[in-house]
Amino acid sequence: MKAVYYERQGAARDVLVLGEVPVPEPGPGEVRVRVYVSGLNPTDVKARTGFSSSMAFPRIVPHQDGAGVIDAVGEQVSAERIGERVWIYEAQHGSADGTAAEYVVVPSLQAVTLPENTSFDIGAALGIPALTAHHCLFADGELRGRRVLVHGGAGVVGTAAILLAKWAGAWVATTVAGEMQAEVARANGADLIIDRFEENVADVVLLATDGAGVERIVDVNVKSNLDTDLRCLAQGGVISTYAVDGAEDALSLPMLKAMMQGVVLRFVYIYHVPDEAKKAAITDINQCLAAGAYKPRIGLNLVLDRIAEAHEALESGRVLGKVLISNG
């Protein structure tokens with residue numbers, strides 16, 4: 001089969017190779033998926049560049065997320081799953097083989113039934129972004145009637161957070177940078193859109209909430225936004241953060257203020273979130289999909305032999321929306 005792989009870490013054009021590799025066979029408890037679309041995430045780029053760790057395998061087929069059709073199953077998996085449309089998450093976590101290939105083998109639980117009303121493109125855009133956003137939002141209880149602030153509402157996780165929060169019945173404010181990002185946040189359904197370069201985020205949030213603040217914050221850069229978050233947060237509220245600029249980033253916290261405000265800080269690294277929480281997230285995500293309420297922006301969709309271009313586009317930050325790789 002065709003697959004993209006790398007045998008050393010480095011720049012996309014230097015290390016990514018399109019070649020032929022053996023078609024994998026599913027073992028006990030596993031399924032093989034014919035991959036139609038592969039989803040690219042920042043963690044895939046970080047793994048390729050050695051952001052926080054060296055290579056765990058001599059050869060790696062990248063990408064955690066994807067969507068396709070199950071075409072073979074291993075022992076302990078019902079043959080009835082053959083032919084099932086699925087979305088895939090964490091394919092390459094703990095494995096050498098991800099979804100940047102024509103076929104991938106994953107544990108059966110990591111190939112999730114894709115609702116019939118959902119395209120493979122949207123299915124490949126789930127995985128890390130949707131699971132991360134869900135845990136940031138729901139780890140501390142239900143959202144109906146709650147007030148939420150999402151930083152970076154035009155980003156991939158920010159988009160997932162807005163879509164899931166609105167589906168769950170929350171009021172959502174979000175920050176953006178410029179009118180193009182505002183258009184994305186508006187399409188996502190945000191109730192309040194704040195240009196972080198033109199407005200004082202905390203002032204706008206407090207005015208819109210009659211001084212009460214928000215109960216949940218989903219933050220892409222808590223190191224930069226902490227002071228703003230503390231001003232925006234309601235008593236006993238939760239700040240969930242899921243990204244860092246550098247592997248050694250550290251956070252300085254005004255402890256007395258945080259104590260008096262009853263602040264909860266939640267750090268989310270989706271690979272280490274317990275399986276039970278992921279199962280709950282998958283149930284909600286699929287209900288959101290079935291309701292037609294999860295429609296993220298697809299910013300770039302390239303074929304497999306242009307994967308280096310896709311990686312470079314994601315790294316440059318010039319793509320607004322999800323980056324996908326299609327196998328046809």
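A residue counts as buried here when its relative accessible area is under 20%. Leu289 comes in at 3%, so it falls on the buried side of that cut-off. Keep in mind that this is a predicted model.

Leu289 belongs to helix H10, which covers residues 275-290. Setting aside neighbours within four places in sequence, Leu289 touches Trp87, Pro115, Asn117, Thr118, Ile122, Leu126 and Tyr294. If you want a sense of where Leu289 sits relative to Val176, the two are 113 residues apart in sequence and 25 Å apart in space, going C-alpha to C-alpha.

## The six-stranded sheet

Now for the sheet. There is an open sheet of 6 strands, with parallel pairing and the order S10-S9-S8-S11-S12-S13. Strand S10 (192-195) and strand S13 (264-267) are the edge strands, each with a single partner, so one side of each has no neighbour in the sheet. From one strand to the next, the twist averages 15°.

S12 is joined to strand S11 (residues 214-219) by 5 bridges, and the two run parallel. In that pairing, Ile217 stands opposite Ile239 of S12. S12 also runs parallel to S13, with 4 bridges joining them. Here Val238 has Val264 in S13 as its bridge partner.

## Helices on the sheet

Which strands does helix H4 touch? Helix H4 (residues 127-138) packs on the sheet against strand S8 (147-150), S11, S12 and S13, and its direction makes about 155° with that of S11. Helix H7, for its part, lies across S8, strand S9 (171-176), S10 and S11. The direction of H7 runs at about 160° to S10.

## H7 meets H8

When two helices pack, the pair is described by the angle between their axes and the distance between the axes. For helix H7 (residues 201-208) and helix H8 (residues 222-232), the axes come within 9 Å and cross at roughly 15°. Angles under 35 degrees count as roughly parallel, and H7 and H8 are therefore roughly parallel to each other. Their crossing is right-handed.

On the H7 side, the contact is made by Val201, Ala202, Asp203, Val205 and Leu206, and on the H8 side by Thr228, Arg231 and Cys232. Sorted by class, the contact of H7 with H8 has 5 nonpolar, 1 polar and 2 charged residues.

## H2 meets H11

How do H2 and H11 cross? Their axes come within 10 Å, at an angle of roughly 105°. Pro42, Val45, Arg48 and Thr49 of H2 meet His311, Leu314 and Glu315 of H11. The residues of this contact split into 3 nonpolar, 2 polar and 2 charged.

Helix H11 (residues 307-316) has several buried residues: Ile307, Ala308, Ala310, His311 and Ala313. Their cover includes strand S1 (2-5), helix H1 (12-15), strand S3 (30-40), helix H2 (42-49), strand S14 (298-303) and strand S15 (322-326). After H11 comes Gly317, with a positive phi near 75°.

## Positive phi without a glycine

Two residues to look at here are His63 and Glu90. His63 is not a glycine, yet its phi is positive, about 90°. You'll find His63 in the loop between H2 and strand S4 (65-73). With a relative accessibility of 0%, His63 counts as buried.

Where does Glu90 sit? Glu90 is in the loop between strand S5 (85-88) and strand S6 (103-107). Glu90 is not a glycine either, and its phi is positive at about 55°. Its relative accessible area is 7%, so Glu90 is buried.

Definitions and conventions. Residues numbered from 1 in each chain as written. Predicted model: local features only at pLDDT ≥ 70, side-chain atom pairs only at ≥ 80, totals over all residues. Heavy atoms only, no water. Axes fitted to C-alpha atoms, helices over the stretch in contact; angles between N-to-C directions. Parallel < 35°, antiparallel > 145°, perpendicular 65-115°, else oblique. Left-handed = near helix turned anticlockwise from the far one by under 90°. Contact = heavy atoms within 4.5 Å. Nonpolar A, V, L, I, M, F, W, Y, C, P; charged D, E, K, R; others polar. Pairing = 2+ DSSP bridges. Buried < 20%, exposed > 50% of the residue type's maximum accessible area, 1.4 Å probe, protein only.
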